[in-house]
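Subject: Handover of a structure and its findings

Dear colleague,

Please find the structure below, followed by an account of what was found in it. Kindly read the account with the model open beside you.

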Amino acid sequence: MYYPVLRGKQFELAAIRDLAKESTLTSNKVFPVVEPVRENLSALQRTLEVLSEAGVSSGFIINPRVGELASENHALLNFYQDQLLPSGSVTHPVLVVGSATTVSNIDTYRQVVSPENSCPLYFLHDSAVEDSAALSVLKSLSDQNSEVVHLFEDENTSTLYRNKFKGFQRILIQDGFIPEDRNKDYKDKDLFTELHVVYEDLNLSGFGDYQIVGLGYRESGGPAYAVALHLTYIDPGQDNVMFVRHFVSDSNETFADPGNKFAEALEKMIKFLNQNPGLVYESNAVKVFRDLHGRGHFPGLGFVKKLSIQHHIELVDHYLSEK
């Protein structure tokens, strides 16, 4: 299973909503996890409903680490009880656990989501749980319920810690995107991951990532001197390792004319696609990039980011459907 983790911002939500609307995901192995960052939950609710109606199981974090809801303890759990649970949604609350997690935190979550410990429970370990009693409860729940899933952030949890949960469902979330402080500093390509190839060899039940956005969170981006487009691909000539290709604009002296900067970067992307037929999966998102190039249209940088997220998820879905 593939677990893309997305922040609940406008274009991230739109990316997975459109994938569900267009019935693009075919592997039945994609489980999006949303970390809500807005107090207004209407867009989140709409997105989760669209996913559920399309038969795409998903999760949302009930104790976000970033954004407007970072200090909330009960709003999202109440949202689940009041809005999602009565509708029979296939959306599952996810509890972030780590160094400050207590037995009480786990019990509050469990009593709402699975009072008899018979329904799926999802724990995202963003650091090691240090309280021995809380750690014992997590293991006990997993022993009693095969549907308990543990997601581990690669950067913040050790192999030894993750091995405490060996024998249970374990998912490794890896941030494969290497951000640059300035868009113009991106080189042609970076290694992204091999986890989609080796996760089963590591005795994992699945894997996840933060697509081309990365783990770091920024509330909003300001004007940029350069526009950079990011496109992931799996290279069969390199053991099916995944890379990310960067396409950067040329006229980067001022903030002016982002539309022209986009056109310059897009021209490089289309040239790369045409010169390397079959290397990059021709996702629906790539088709939209081609259409934008053909029409000479600039849809805004938020929409462009959405396309790159969609392409990445489509790429992984296609890979898993071919396995």
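Asn145 touches Ser114, Asn117, Ser118 and Cys119, leaving aside residues up to four places away in sequence; contact here means heavy atoms within 4.5 Å. Asn145 belongs to the loop between helix 5 (132–144) and strand 6 (148–153). Helices (H or I, at least four residues) and strands (E, at least two) are DSSP runs, numbered from the N terminus. With a relative accessibility of 6%, Asn145 counts as buried; buried means under 20% relative accessible area, exposed over 50% and partly exposed in between, using a 1.4 Å probe and protein chains only. Asn145 and Phe168 are 23 residues apart in sequence, and their C-alpha atoms are 9.5 Å apart in space.

Please note that this is a predicted model, in which local features need pLDDT of at least 70 and side-chain atom pairs count only at pLDDT 80 or more, while totals for chains, interfaces and linings use all residues. Residues are numbered from 1 along each chain as its sequence is written, and side-chain values use heavy atoms, with hydrogens and water left out.

Eight strands close into a barrel in the order 1-2-3-4-5-6-7-9, with parallel pairing; two strands pair if DSSP finds at least two bridges between them. Neighbouring strands of this sheet are turned by 25° against each other on average, direction ignored. Strands of a sheet pair through backbone hydrogen bonds, either parallel or antiparallel.

Strand 1 (residues 2–7) pairs in the parallel sense with strand 2 (residues 33–35) over three bridges. Leu6 stands opposite Val34 in strand 2, and the bridge partner of Arg7 in strand 2 is Glu35. Three bridges also join strand 1 to strand 9, again in parallel, and Pro4 stands opposite Asp209 in strand 9.

Is strand 1 enclosed or exposed? Six of its six residues are buried, so strand 1 is largely enclosed by the rest of the structure. Tyr2, Pro4 and Leu6 point one way from strand 1, Tyr3, Val5 and Arg7 point the other way, and all are buried. In a regular strand the side chains alternate between the two faces of the sheet.

Strand 5 (residues 121–125) is mostly covered, with five of its five residues buried. Leu121, Phe123 and His125 lie on one side of strand 5, and Tyr122 and Leu124 on the other. Strand 4 (residues 91–97) runs parallel to strand 5 and is joined to it by four bridges; Val97 stands opposite His125.

Now to the nonpolar cores, each a set of buried Ala, Val, Leu, Ile, Met, Phe, Trp, Tyr and Cys residues joined through side-chain atoms within 4.5 Å. The largest has 77 residues, of which Tyr3, Phe60 and Phe123 touch the most other members. Helix 10 gives the most to this core, with six residues. A second, separate core of 21 residues includes Phe243, Phe247, Phe272 and Ala285.

Finally, two helices pack together. Which residues of helix 1 meet helix 2? Leu13, Ile16, Arg17, Ala20 and Lys21 in helix 1 meet residues of helix 2 that include Ala43, Leu44 and Val50. The crossing of these helices, helix 1 and helix 2, is left-handed, that is, the near helix is turned anticlockwise from the far one by less than a right angle (clockwise would be right-handed).

Yours sincerely

Notes:
Axes are lines fitted to C-alpha atoms, for helices over the stretch in contact, and angles run from 0 to 180 degrees between N-to-C directions.
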